[in-house]
Amino acid sequence: MSLTGRELPEEQLVAIDSDVLHHVLDRSGATFAPLPTTPAAPATEERLLQSFQAVFGEIRTPVVSAWGEHIPFLFGLISLLRPRRIVELGVHHGGSFLAACQAVQDLGLESECIAIDNWIGEHHAGKTNVETTFLPFRQYLEELYSDCAGYIKADFDEASLAFEDGSIDLLHIDGLHTSESVQHDFDTWMGKLSDHGIVLLHDTNEFKRDFGVWRFWQKIRRNYPHIELKHGHGLGLLIVGEHSPLHPSAGGLAAWLSSDQGKEWIQVLFGGIGPAFWSQANTKVQLANTEGQLDNAETRLANTEVRLANTEVRLANMEVQLATIREGHKNVSVERDIALQQLKTISKRLEILKLKSIEKRKKLKKQRDKIQILLYRLRKKKMAKQRKGQKFSLTQNLQRIRLGLGHK
Ligand SMILES: C[S@@+](CC[C@H](N)C(=O)[O-])C[C@H]1O[C@@H](n2cnc3c(N)ncnc32)[C@H](O)[C@@H]1O
């Protein structure tokens, strides 16, 4: 998902440089030539007024940063200086660097902005998660500032080799904040500054743990005209280039800005504007997030309502089905009762029939018994008759025989 809501074409993501694949915004391998020694435009009152307009610009990318309260000052500074090349040592999420890019773009400057960080982290910023720092930062550059910005993902010392002397107008040092580290970074990069050169050092007013920028600041500020903002952990500005429009030797406004009165004005002004604008920018982000959450909640609510309505429709359908089933059930009950009644009647009839049939059987048996007795008697009579008949014919025959023999 795009951070600004715009999708990037694939071909914008990588570029082929000889046989090595580089991201289009990756400036490792490039060399940075010295900037021409042309005189910078003086800090006239008119320029100062224009710069004030820039100060009130809306902060476009308020990413997580301890630097945020200095962004209005940076907007004004870039407007006043019009630096040709801006280099930042220590980028992390990109709070200060993205603000510099915004100023360059909004003011229509031709400045080149180079971000340098190994995105590994150190014990003050903590171990860096590339997924949540470098990648979103690079995406912001791709989507918003690919015309003016690039990055080098390397140690400061290694990256310094690509910069020739006099190649940087505005150098922001915001790496490891121990006194030794900031001294080392300053010494390594000091020669790279042009005759317009300005150095910004963050955390000049931070005294916790082993933070030591304040110690280095107390020492280094003696060597250069400088301005310091006390709010937002402190921001020191060293005017190292003799031809910087801010160099007091330019006289007029530049001289006034480096005077005690000018410094106090700047501190009071930006000590008020900086925190207020940073807080407003963050409030806007929070508001946007809250609105987003609200939108999501509303969408979820609408979906839930739709689901609820569907459920209610299903419920109503089920109730209709239930009523139909109940009606059917009632009918079945009536039919069952009728059938049971019929069954009872049939059973009764059956019982009566059974009893009748038993009676009939009994009667039949009696009749059969009678008939058998009659038959027996008949047979008996018949046999008696037969025996009588035989006896008679035997007597006759004997008579005849006697007669035949002369008996009389
Ligand atoms: C305090 S943060 C930068 C904050 C950032 N300027 C902002 O606006 O929020 C410091 C960063 O410097 C980087 N860093 C520190 N020492 C470094 C070194 N020697 N080389 C490369 N990066 C370094 C760390 O990785 C970390 O991301």
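In this predicted model, His233 sits in the loop between β10 (226-229) and β11. Its phi is positive, at about 75 degrees, although His233 is not a glycine. Most residues other than glycine have a negative phi. His233 is buried, since 21 other C-beta atoms lie within 10 Å and the cut-off is 20 or more.

A positive phi also occurs at Trp119, at about 50 degrees, and Trp119 is not a glycine either. Trp119 is found in the loop between β4 and β5.

Six of the six residues of β4 are buried, so the strand is largely enclosed by the rest of the structure. Glu112, Ile114 and Ile116 point one way from β4. Cys113, Ala115 and Asp117 point the other way. Both sets are buried, charged residues Glu112 and Asp117 included.

Strand β4 pairs with two strands named here, β3 and β7. Strand β3 (residues 85-89) runs parallel to β4 and is joined to it by five bridges. Within this pair, Ile86 stands opposite Cys113. The chain passes from β3 through α3 to β4, and this β-α-β crossover is right-handed. Strand β7 (residues 149-153) also pairs with β4 in the parallel sense, over five bridges. There, Gly150 of β7 is the bridge partner of Ile114.

Helix α3 (95-106) and strand β5 (121-122) each supply at least two residues of the shell around the ligand. In total, 22 residues surround the ligand. The closest are Ser65, Gly90, Gly95, Ser96 and Gly175. By residue class, the shell divides into eight nonpolar, ten polar and four charged residues.

Helix α7 (residues 213-220) has a buried side and an exposed face. Val213, Trp214, Phe216, Trp217 and Ile220 are buried. These residues lie on the same side of α7, because they cover an arc of only 160 degrees around the axis. Gln218 and Lys219 are exposed, on the face turned away from the buried side. The buried residues of α7 pack against α6 (179-190), β9 (193-202) and β11 (235-239).

Strand β11 contains Leu235. Leu235 is buried, because 28 other C-beta atoms lie within 10 Å. Beyond its neighbours within four places in sequence, Leu235 is in contact with His70, Leu200, His202, Thr204, Glu228 and Leu229. Leu200 and His202 belong to β9 (193-202), while Glu228 and Leu229 belong to β10 (226-229). Leu235 and Glu112 are 123 residues apart along the chain, and their C-alpha atoms are separated by 22 Å.

Gly76 is placed in helix α2 (residues 71-81). Gly76 is buried, because 24 other C-beta atoms lie within 10 Å. Leaving aside neighbours within four places in sequence, the contacts of Gly76 are Ser51, Phe52, Ala54 and Val55. Gly76 and Val55 are 21 residues apart in sequence, yet 4.7 Å apart in space, C-alpha to C-alpha.

Key. Residues are numbered from 1 along each chain as its sequence is written. This is a predicted model: local features need pLDDT of at least 70, side-chain atom pairs count only at pLDDT 80 or more; totals for chains, interfaces and linings use all residues. A residue is near a molecule or strand if its C-beta atom, placed from the backbone, lies within 6 Å of it. Helices (H or I, at least four residues) and strands (E, at least two) are DSSP runs, numbered from the N terminus. A residue is buried if 20 or more other C-beta atoms lie within 10 Å of its own, exposed if 12 or fewer, and partly exposed in between; C-beta atoms are placed from the backbone. Two strands pair if DSSP finds at least two bridges between them. A crossover is right-handed if, with the strands pointing away from the viewer, the path from the first strand over the helix to the second runs clockwise. The arc is that of the directions from the helix axis to the C-beta atoms. Two residues are in contact if their C-beta atoms, placed from the backbone, lie within 7 Å.
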